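Keep the viewer open as you read.

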Amino acid sequence: MEKNGTPVERLEITFKHPMPYEWSIGRYGSRFFQEIREKRRFIGIRCDGCGSVYVPPRRVCGPCFRELTELVPLSDTGVLTAFSVVNYPFIDPATGELRPIPYTYGYIRLDGADNIFSHLINEKDWHKIKVGMRVRAVFKNPEEMEGNIQDIKYFDLLP
Amino acid sequence: MGRRVAIVGTGQTYHKSHRPDVTSREMIREAVVAALADADLTIKDIDAVVIGNMDHFESINYVDTYSVEGSGAFMKPVMKVSTGGTTGSTVAIAAYYHVASGLFDRVLAVGFEKNSESDTTAAIITCSDPVWDRFSYSGAIPSLATEATAYMEKYGATQEDAAMVGERDRGHALNNPYAHLRRPLTVADIMASPMLAYPIKLGDICPRSDGACAVILAADGIAQKIASRPAWFKAVSVRHTYTWFGDSTDYNKGLVSLQRASREAYAQAGIKNPVEEIDVAELYLPYTWAGLKWIEDLGFCGPGEAARFVGDGNTHMGGKLPVNPSGGVLSTNCIGATALLRVAEAAIQIMGKGGKRQVPDVKTALATGFGGCFWSDVVILSAVRP
């Protein structure tokens, strides 16, 4: 037997198999994607306790802890409240592949909503982007839509 | 009101980017053995264990059970607590609840992470909502960067202002033998480092570290027999918001979870003016802008005043309120241990065991945890039994 302290070749194991998952989108989340496909518009939901309009729509207002039911149509325009231009390579756990970079990630307050919506911004040069700019959603063509968040391609900066 | 509780011992590993020489169990044991030695206790003296790390990180479930050889929890009451970046501070607070409840006299709190064993960014992406946020989310760096863009727009702060925080923390790390990054970094170095996600550059962001931290808590009457200068819990506060990014990132309101957690903790501790009444702060600042924005949320200075407050040296060693004598998260980031290190380092300052990183005569120390989707924990420790 080797003695304690003798150098040992250090081995490691790598796990490489994909692990599929299946997530429920929920009642109002499903409606949100159906509205985009059929009417090319956003919907939110209003809390009759605090009056906040949330997008995406969900069943419960966290602060009030009340059930929400009042869906409201929203604009496809809004204001950029914050952004970042992602410029480092990383593996996307959803695909196991490198996600294409650079891309711009933005927080948007949609007109008519009280919370913020996160999505992509169609501009990679951070010098051309400013917090407070107006943005507009660009949707995929209906035949390309799959009922998920990428049915919205990105948001264009408005002049 | 629960029982009074104090920290009576701390232990931590020498942090590195990669510890291929040990398994995570073995790494945990290093911190636990150090904490027991610091308190002059044995594992037989420990009544219960609380342990945590990041969900999804090393792809290990049931970490409480997985880690028993390292934590010493074999056939003891053990619980896992995992709350994202706040894990370490929540572990400390859960251990505090154990002792304050009167059910356990001596409790071991453990946090650890071997970031080298997984893809940290991919693992963090799995914390975002899979339906709405995950496709565009790219880990901690860009979501923090969005806060920075909003802060710069609102207050006119510059990238150089933020870089002062990095220069400070990395300078402080030179005094901490356990820190991972122990090379000085200047504002100019940070400005010249590669842009990862505008406006965050490589020098603005925390590293990925392998490491573990252990803290021993004891009840009033026992703590005084174990430690000559125990670090008493004066206040704890946990505040979580949503997990959807759009619901926690109204930057006009600031980091609301930290505002509320700190105000509750100040009220519990009877603190009216934090800068005057707190002697040292170990803050979970994972990127440089946090060292500006979040000290405003903590009430160290007014909105938009942080660049001047930091620039005037108030938060450096020797300043009014030294921040991160350990070098902070920008120097060491073994994520599940990171917020517990803040609590441990705050306790070390109270106990007077800081060596070269010791702030003189610390009576009140503040520690924070940050994580998940802009969540906050706050702990206030005192040299004086409350």
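Helices (H or I, at least four residues) and strands (E, at least two) are DSSP runs, numbered from the N terminus. The model is predicted: local features need pLDDT of at least 70, side-chain atom pairs count only at pLDDT 80 or more, and totals for chains, interfaces and linings use all residues. Residues are numbered from 1 along each chain as its sequence is written, while chains are lettered from A and ligands numbered from 1 in the order in which they are written.

Start where the chains meet. Chain A brings 33 residues to the contact and chain B brings 35 residues; two residues are in contact if their C-beta atoms, placed from the backbone, lie within 7 Å. On the chain A side, β6 (77–86), β9 (103–110) and β10 (117–121) each supply at least two residues. β6(A) gives the largest share, six residues. By class, the chain A side holds 21 nonpolar, 10 polar and two charged residues. Here Ala, Val, Leu, Ile, Met, Phe, Trp, Tyr, Cys and Pro count as nonpolar, Asp, Glu, Lys and Arg as charged, and the others, Gly among them, as polar.

Now turn to chain B. It is divided into domain 1 (5–120 + 209–226) and domain 2 (128–206 + 234–382), with bounds from an automatic or database domain assignment. Their centres, taken over C-alpha atoms, are separated by 23 Å. In the contact between them, 33 residues of domain 1 of chain B meet 30 residues of domain 2 of chain B. α4(B) gives the most to the domain 1 side, with eight residues. That side divides into 12 nonpolar, 18 polar and three charged residues.

Backbone exceptions come next. Most residues other than glycine have a negative phi, and most peptide bonds are trans. The bond from A:I101 to A:P102 is cis, with omega near -10°; A:P102 is found in the loop between β8 (97–98) and β9 of chain A. The bond from B:Y198 to B:P199 is also cis, with omega near 0°. B:P199 sits in the loop between β5 (195–197) and β6 (200–201) of chain B.

Which loop holds B:D361? B:D361 lies between α15 and β10 (364–371) of chain B. B:D361 is not a glycine, yet has a positive phi of about 55°. B:D361 counts as exposed because it has 9 C-beta neighbours inside 10 Å; the exposed class means 12 or fewer other C-beta atoms within 10 Å, buried means 20 or more, and partly exposed lies in between, with C-beta atoms placed from the backbone.
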